[in-house]
Amino acid sequence: MKKFILIFVAILFCGITINAQTNNKKSTLPTVTINTLEGKAIKASEFSNEGKPFVICFWATWCKPCLMELNAMAELYGDWQKETGIKIYAVSIDDARTCPKVKPLVSGSDWGYEVVLDQNSELKRALGVNNPPHTFIVNEKGEIVWQHVGYAPGDEETLIEVYKKVVKGEEVK
Amino acid sequence: MKKLLLAIFLIICSFNGFSQDIFGGKVTGNFQMDVQASKEDSIIGAERVSEKLLMNAFTNILYTNGDFSAGVRFEAYLNPILGFDPKYKGAGLAYRFASYKKDYLEITAGNFYEQFGNGLIFRSYEERNLGLDNAMDGLKIIARPIKGVALKGVIGKQRYYWEKIWESDDFGLVRGIDAEVSINSLFKKFEASPLQIIAGGSFVSVFDKAEDRFIIEPSTGDNYKLTMPENIGSAAARLQMSYKAFNLNAEYARKGQDPNAVNGYIFHKGEAAYLSLGYAAKGLGINVSAKRIDNMSYKSRRGETGNMLNVNYLPALTRQHAYSLFAMYPYATQVNGEMGIQADIIYKLKKNTFLGGKYGTDLKLNYSIANSIDKEYVQLNPAGNYEGTEGYSSSFFKAGDEIYFEELNLELGKKLSSDFKLNLMYSYQTFNPIAIGHQGEKFIYANIFAADLTQKLKKRSSLRYEVQLLLTEQNYGEWAAGDWIQGTVEYNLGGKFFVAATDQWNYGKLNGEKVHYYNFALGYTKGTTRVQLSYGKQREGIICIGGVCRMVPASNGLFATITSSF
Amino acid sequence: MKKIIYIFAIILPLIWVSCDTIEEDQQLIYLKGITTETTPITAISSEQKVLLEDYTGWKCVNCPRAAAKATEMISKYGEKLVVMAVHATAFANNSIDSLNFKTEYGERWATEFGCTSLPTGVINRRKIGGAYTIGDANWDSEIQNTINSQKHIMDINLGVKYKEEYNKILVSTENIFREDYPSKTQISVLVLESGIIGVQYNTDPNYGTTPKINDFEFNHILRKNGLIDYPLTTDKVNKGEKIAINYLIDVDPDIQDISKCTVVVFVTDAQTKEIIQVNEIHL
């Protein structure tokens, strides 16, 4: 039992040190292949926004905060795009059960995001996502510069602020 | 072994401490820890936890360097929190892999997850909330020899708690291949065609060593031996098409003879069909799905009946509810036979219209029904049951006479003003307790309502009020404890802190004591780290995700969760 | 890249083939005489035993002598010896008091082992000087010889129970190999009955009245419905291996008193037919 506790302390410590280190380490997007809504293969490493930073949001049709986040951002998305040229990839982690709901929800909600399907959570795992919603900002070099978990009303304003900083090339935490 | 693990982690940590890049690669990962302290509460049925403190935790550590990546997951269940299989007790490296990925080739050795098509014959996945993990251990190859063609090959055994799967013949070997062709990517002249076609097919075979199984004729004592097929094969073909606003997704699968503990050792071949049709336009989305499942339990060990060792994935065609009273009666696919239909309509009333109001209104309609399939039992075996026989015959389009589940959901989402958002939901559910294995119990009919109001306050803080109400005439105990009401208030501060209070009360219960299942929660989020603490009572229930369910026993006490990504 | 396609081209048919289909008449196999029921093991053997097959018949005039010899042998060798009286050949035909001791397999063995003139015996089905048959005069020395020379390869432990509900005898066997054994082995489970009184021809006044004994006591009579040469091991067996199988034998309708029956189980080499081990248990 003592050993287990010891191991756990080690892991915790490990997690924290890595956590502290990785914020400025900048991992890139993995070469995980997922699908577009039409079923075509697309690699996460090929996500791009014409040389500008972009945003990746993990969500699911059954995740209430995710829908709150996506709906809240959708209202501002048009303005944001005009202002900053932002692009949002909404990565659905719905599996075969709820996947058929993605397309009607997307078109019914009329969000305007680039929606991709990560049916077997390949990208979710590769990016270390625990639970949706989980949001990433990726800079023009394809490096992950910011991430955030959960959603509370108002988080979308934080996101656009950080995004603007990234566009300017400022360091973000 | 434990020392070795410790050493590995310390090495990783120290590397990390000294250099940001390990040999030029990157380390990422995530971490989650759940701690539970529950005390005895005979009224709600919470049992004494002799360990006082229960804990589940895992951490994924992933190393990536160009085309190469490798990772481990360390898991610890000391001891498993309530509702997790006690076989999880222990700690160790549950998952490790090394992978090499090029544009046209991807090779993974060790543990991996993968899915063929919709998963009707193969899906390796994890569902942490259910304590379900059927990770493969073996080899995976994905090749994309030309644009638009993907070939996958997998071989390995599936995880079974902490069992040493390679040291025992008890665990079957799973082999599978899958091919998928995107016609539009393959042929240049179709590339811009509005008609998009993707076709695929897969074969899976499980090698499970034959075991001796006998039946005895009761009057003569004569014994009969079942001849077990050792290679259980399955095949599936699928088609995905989209034309302008329409789309279609169809898959058909068949499984060879597979007498197993779930189907009662019959030789009847398995069959699954799935069809989904959709229409998607701006502001309107429609989807209708239908499926038929006939004897499709597919496991890599024929004697297994639990949630583990599933080779395929047969999710329920019903809505996955987020409001807790709506999920009171969960439905899981009846793998031995089920026919189901589900329809979804999502419509957005436009902004600045009479009905849509200033901000527009979201409307969602969902209907689903799951029914038994027609089964014509053929012949009895000498022992007077169906073991070792063909079992039954079933005509494809004929439904059986038993309804398992039916549900109608209406949901309305509306922004009332710049500060208020309202979500209303109604559901009518018909639930047959047989769907979760309770024979001979009465149907439950329930009307369920929810209203959910979010109020934006200053300084990025917000308040959320939620009321749910469940009304049912069925009031006889465990599965139908009468009417319920639930209220929640949640306060969010600057997207960092939140506090919430919930009370769930079965005020309409006739038999037994009415209980307030109160719960207080406190959370803090910073970047990718989230800490949540809750104290209160948790009612006994069932969580079903996909085709499998887990019992969540009642508890009364403290629950803490820490999650982090790095 | 072409290689990958080749690999897949090879894997594909392999997987297609990897689906077993069991024909409908093969799905449930009737196991004649074998059962999953068990009964506790009560007869433990831990020494090499010898089976003496006494080929006999009611019309065989010298057979009472051999029967007396067999009884003598039992008292001499005790538990080491199992005696089985096989009523076969024309000497056993048409009993005047309609006692039917003849068995199909007894007849077959008599032919196989060359037991044409009776009385004669076969000891552990070993060939002595080119023949199986051994006259009753040589039984003592040959039994001794077999006990001394035969290697103790395995033990047979037995349990037995009469299953009244379906009029069958349930025999549990535990076959424990003390040594590696390289070839295929077979097991036979037989029922013997003792204490039946009937007519027996006789010429020797030392053994009773002549020309016939009207109240002769027949013992160790091999009965019908035994299980012959059931496969026990199909491959090489390793030292220490234990094979437990349970058998269910229909009670021969000619049996007069089930409580006077014994079950004899012996294991033979499938090739040489030689008996490796034998044991018996009383019902």
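View 1. Strand 12 (residues 173–182) and strand 13 (residues 195–207) of chain B pair in the antiparallel sense over 10 bridges; two strands pair if DSSP finds at least two bridges between them. Helices (H or I, at least four residues) and strands (E, at least two) are DSSP runs, numbered from the N terminus. B:Ser182 stands opposite B:Ile198 in strand 13 of chain B. Strand 13 of chain B also pairs with strand 16 (residues 231–243) of chain B, in the antiparallel sense and over 13 bridges. Here B:Ile197 is opposite B:Met241 in strand 16 of chain B. Residues are numbered from 1 along each chain as its sequence is written, while chains are lettered from A and ligands numbered from 1 in the order in which they are written. This is a predicted model, in which local features need pLDDT of at least 70 and side-chain atom pairs count only at pLDDT 80 or more, whereas totals for chains, interfaces and linings use all residues.

**View 2. The contact between chains B and C.** From chain C, 28 residues are in contact with 32 residues of chain B; two residues are in contact if their C-beta atoms, placed from the backbone, lie within 7 Å. Helix 1 (2–17), strand 1 (28–31) and strand 2 (34–35) of chain C each supply at least two residues of the side of chain C that touches chain B. Helix 1 of chain C gives the largest share of this side, 7 residues. By class, the side of chain C that touches chain B has 17 nonpolar, 6 polar and 5 charged residues. Ala, Val, Leu, Ile, Met, Phe, Trp, Tyr, Cys and Pro count as nonpolar, Asp, Glu, Lys and Arg as charged, and the others, Gly among them, as polar. Strand 15 (residues 223–226) of chain B pairs with strand 1 of chain C in the antiparallel sense over 4 bridges, and B:Asn223 stands opposite C:Leu31 in strand 1 of chain C.

**View 3. The contact between chains A and B.** Of the 2 pairs of chains that touch, chains A and B have the most contacts. Chain B contributes 79 residues and chain A 56 residues. On the side of chain B that touches chain A, the largest share, 9 residues, comes from helix 1 (residues 2–18) of chain B. That side of chain B has 30 nonpolar, 37 polar and 12 charged residues. No contact joins chain A and chain C, and their closest C-alpha atoms lie 19 Å apart.

**View 4. Helix 3 of chain A.** All 8 of the 8 residues of helix 3 (residues 102–109) of chain A are buried, so this helix is largely enclosed by the rest of the structure. A residue is buried if 20 or more other C-beta atoms lie within 10 Å of its own, exposed if 12 or fewer, and partly exposed in between, with C-beta atoms placed from the backbone. Among the buried residues are A:Val102, A:Pro104 and A:Ser109. Just after helix 3 of chain A, A:Asp110 takes a positive phi of about 55 degrees.

**View 5. Confidence along chain A.** The mean pLDDT (the predictor's confidence in each residue, from 0 to 100) of chain A is 83, and 86% of its residues reach 70 or more. In chain A, confidence is lowest in helix 1 (residues 2–22), at a mean of 49, and highest in strand 4 (residues 88–92), at 95.
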